[in-house]
Amino acid sequence: MSSPYIRAADGVATLMVKVLAALLPAIAAYVYYFGPAILVSIAIASSAALAAEALVLRLRSYPIKTFVFDGSALVTAWLLALSLPPTSPWWLTASGTIFAIVIGKHLYGGLGSNLFNPAMVGYAVLLISFPVLMTQWPAPLGVGSANLGLADSVRYIFFGELPAGLSLDAISMATPLDTMKTQLLLQRTASEIVAMPVFGQIGGHGVEVIALFYLLGGIYLWRARIITWHIPVAFIAALFASATLFHIIDADRYTSPWFHLASGGAMLGAFFIATDPVTGATTPLGKLIFGAGIGALTYLIRVFGGYPDGVAFAVLLMNMCVPLIDAYTQPRIFGHSK
């Protein structure tokens, strides 16, 4: 390596572009398995985020161009869009994104001052307010009787129109996590449930491939030194350990840990959401505690809570604990006793 050995740190815009780039392979897999509706959802969320960001900056008398183009609003928009059903009505995606930017981000002072992860704030509000719409996920390739093309996706998202001869049941179905929770309540065993078409080799059909690409994107972010390994490893380890413990206790009721890692928002949460440098813990030990807390809470909410996937609520709950975690995990100052 040639000099200079000390290099200037990347700016916010450069970091955000790298985060967006790391999401692209997973988005491509998303389009392949679930159709191009996710692209429409991302476009809606991006437009709403930039508009809300510009409006609030104008009201706060901040330079609009500087902050709008730093990429942080787009990252929030993409993460929220990837967490929502891609065929959600346009107003659902837009309202959740606006809430995330205006309330979740700027109400606390803007980038660098927000206590909670903005994307998860928007997601939680939508899940509580519109629970039925948040369960209408598209059927994966080869499982549903139809997959909407780009033009049909636009008409359905904006106007609620389906192609002639198609019903909502033909293009949508419950997620693997939702299916698992519902079928267990009907006294079916986990081994019987995972034999259903919506399930793949490890997790949900198609979802497990998307999770793999989230993992690869996260490794890229780690290699690029945008994130550290502490939070993702602690998150995955805690989720895996929790699922393993209960699977050993009763394999008929509690699915394998691999299923929990490959389904839902586990990998997206581990590498792209929990690692938010503003709302996460900052000390090395604190990051391990923070990530492990999210992983354990995610499992508990999935299995014993009222929602199929618990990543969003787990992140928000641990966001509240960050000040306390950081206060009690400060490393020893050189030359001083702990």
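Biologist: Which helices each supply at least two residues of the nonpolar patch?
Modeller: In this predicted model, the patch on the surface includes W222, W229 and V233 among its residues, and about 790 Å² of accessible area belongs to the patch residues together. The helices that each supply at least two of its residues are α11 (207-223) and α15 (284-304).

Biologist: Which helix gives the largest share of the nonpolar patch?
Modeller: I219 is one of the residues that form the patch, and its place is in helix α11. The largest share, 4 residues, comes from α11.

Biologist: Is I219 buried, partly exposed or exposed?
Modeller: The relative accessible area of I219 is 36%. Buried means under 20% and exposed means over 50%, with partly exposed in between, so at 36% I219 is partly exposed.

Biologist: How many nonpolar residues are in the lining of the largest pocket?
Modeller: About 690 Å³ of space lies in the largest pocket, and 40 residues line it, with W137, T175, G264, G265 and D309 lying nearest its centre. By class, this lining has 8 polar and 2 charged residues, while its nonpolar residues number 30.

Biologist: Which elements give two or more residues to the lining of the second largest pocket?
Modeller: The second largest pocket has a volume of about 500 Å³, and its lining divides into 16 nonpolar, 5 polar and 3 charged residues. Of the 24 lining residues, M16, V19, V75, D276 and P277 lie nearest the centre of this pocket. The elements that give two or more residues to this lining are α1 (12-34), α4 (72-83), α6 (118-129) and α14 (266-273).

How values were computed
Residues numbered from 1 in each chain as written. Predicted model: local features only at pLDDT ≥ 70, side-chain atom pairs only at ≥ 80, totals over all residues. Heavy atoms only, no water. Patch = residues over 30% accessible without salt bridge, like charges linked within 9 Å, V, L, I, M, F, W, Y side chains within 5 Å. Areas by Shrake-Rupley, 256 points an atom, 1.4 Å probe, with all protein chains shown as cover. Salt bridge = Lys/Arg side-chain N within 4 Å of Asp/Glu carboxyl O. Buried < 20%, exposed > 50% of the residue type's maximum accessible area, 1.4 Å probe, protein only. 1 Å grid on protein atoms, 1.4 Å probe; cavity = no way out; pocket = protein on both sides within 12 Å on 5 of 7 lines; lining within 4 Å. Points joined across faces, edges and corners; volume = space filled by probe spheres on them. Nonpolar A, V, L, I, M, F, W, Y, C, P; charged D, E, K, R; others polar.
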